[in-house]
Amino acid sequence: MVLNWKIGGLLLGLVFFLAVALVKPIGVSTQFVILDGVAWNAVDSSVVTQTEEGYTSTNAYLDKSSGKYAKAVANPLNYSFLFVLAMALGGFASVMLRGGLERGERQMPQLWRTNFGGSTLTRYAVAFVGGFIVLYGARLAGGCTSGHMMSGMMQTALSGYIFAAGAFAAAIPTAMLLFRQEA
Amino acid sequence: MEILLAIVIGTAFGFVLDRIGAANPTWIGRMLSLTNLHLMKTILLAIGTGSVLMFGGQMLGLVDVGHMSVKAAYVGVFIGGLLLGFGWALSGYCPGTAVVGAGAGRKDALAFIAGGLLGAAAYMATYPGWKASGILNDIAGGKVTLGTVPGSSYEGLTAIPGDLLGLLLGAAFIVVAFVLPERLSGQGRAVPAE
């Protein structure tokens with residue numbers, strides 16, 4: 001079962017606070033671009049090149065903001081990238097300590113099964129398409145739920161509020177149409 | 001030192017996201033269909049807590065204002081938010097919670113990550129078109145906070161002292177977390193408050 005919201009909210013808020021107090025606000029979606037860049041650069045090493053001032057890329061997106069992303073692609077063992085890898089470790093540790101995840105949940109979440117049946121192929125296909133749309137949108141927006149919504153609104157950033165308005169304006173009607181059956 | 005902090009804070013973040021249900025698409029779907037707002041209350045309390053601690057810490061001189069990192073406002077933030085919201089409701093994952101879900105052994109989270117890597121690559125390929133369209137150009141000052149935070153390099157949308165406003169908005173998020181009902185939609189069986 002999930003943590004009571006008063007405890008869970010305090011703990012999550014504490015993590016966001018510690019991140020900004022000790023290093024910088026939490027963000028995730030940029031690292032999908034960095035991993036793409038690392039893979040691409042491994043296949044074609046001309047994608048990112050080191051210059052006297054830093055790093056540059058043949059890809060306009062990796063090259064933006066004075067090659068900030070190009071630099072991370074060249075040095076993936078940086079704070080932001082390792083942070084996201086560590087998140088998977090945290091999820092693993094949490095699940096193990098609460099006795100593991102049942103087989104059915106490993107395949108698909110209960111709410112999906114209740115509304116759309118047990119086809120794993122359908123569920124994986126929808127998750128794949130969803131992932132494509134989410135990351136395309138997150139990169140267009142310049143951040144995701146972590147960076148824009150949580151870290152952004154916490155810092156009173158105008159962009160965080162604009163992002164949250166867009167995200168919930170689309171997410172709530174979509175979910176209400178999709179999940180007619182409660183689970 | 002930074003590497004160690006990345007591992008410690010990242011692990012803690014993943015651990016807590018799993019424990020509050022954010023990495024379980026069932027809880028995301030319940031929240032977004034407004035049938036169980038338990039996770040919404042958790043998130044609102046978290047934003048409020050983070051805000052109060054950060055701005056409170058700044059006012060006491062304990063937290064470095066220079067650690068703030070404010071993202072730019074532009075029309076694409078809203079359009080990208082709409083896209084993300086649609087995909088979030090459809091899949092039940094956002095980028096961070098999919099990573100946590102995959103770590104927790106959810107196979108559909110791996111499918112999401114694969115799609116996400118392709119989506120991010122598609123954005124890398126189409127970025128020049130968005131850039132040329134002007135949709136990425138700053139609006140309302142770009143990287144701005146709602147008030148003007150003392151000692152911050154970011155401009156304020158208003159002249160209201162930003163740390164005080166941050167404290168008040170943080171408190172407002174906490175109040176909303178408390179007054180928000182457990183559900184806003186659906187009549188089904190009563191859902192226990194966990």
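Q: How do the residues of the lining of the second largest cavity divide into nonpolar, polar and charged?
A: They divide into 9 nonpolar, 4 polar and 1 charged. Here Ala, Val, Leu, Ile, Met, Phe, Trp, Tyr, Cys and Pro count as nonpolar, Asp, Glu, Lys and Arg as charged, and the others, Gly among them, as polar. Before going on, note that this is a predicted model, in which local features need pLDDT of at least 70 and side-chain atom pairs count only at pLDDT 80 or more, while totals for chains, interfaces and linings use all residues. Residues are numbered from 1 along each chain as its sequence is written, chains are lettered from A and ligands numbered from 1 in the order in which they are written, and side-chain values use heavy atoms, with hydrogens and water left out.

Q: What is a cavity, and how many cavities of 30 Å³ or more does the count come to?
A: On a 1 Å grid over the protein atoms alone, a cavity is a set of points where a 1.4 Å probe fits but cannot get out, whereas a pocket is an open set with protein on both sides within 12 Å along at least five of seven lines; lining residues have an atom within 4 Å of a point. Points are joined across faces, edges and corners, and a volume is the space filled by probe spheres set on them. By this rule the count comes to 2 cavities of 30 Å³ or more.

Q: Which residues are the closest to the centre of the largest cavity?
A: The largest cavity holds about 160 Å³ of space, and of its 16 lining residues the closest to the centre are Thr145(A), Met150(A), Leu17(B), Ile43(B) and Thr97(B). Helix α8(A) gives the most to this lining, with 4 residues; helices (H or I, at least four residues) and strands (E, at least two) are DSSP runs, numbered from the N terminus. By class, the lining of the largest cavity has 12 nonpolar, 4 polar and no charged residues.

Q: Which element gives the most to the lining of the second largest cavity?
A: That element is α2(B), with 5 residues. The second largest cavity has a volume of about 60 Å³, and among the 14 residues that line it, the closest to its centre are Leu111(A), Phe179(A), Pro25(B), Gly29(B) and Gly92(B).

Q: What is the volume of the largest pocket, and which residues are the closest to its centre?
A: Its volume is about 1,200 Å³, and of the 44 residues that line this pocket, the closest to the centre are Thr30(A), Lys68(A), Tyr69(A), Gly142(A) and Lys71(B). The largest share of the lining, 7 residues, comes from α3(A), and by class the lining has 19 nonpolar, 16 polar and 9 charged residues.
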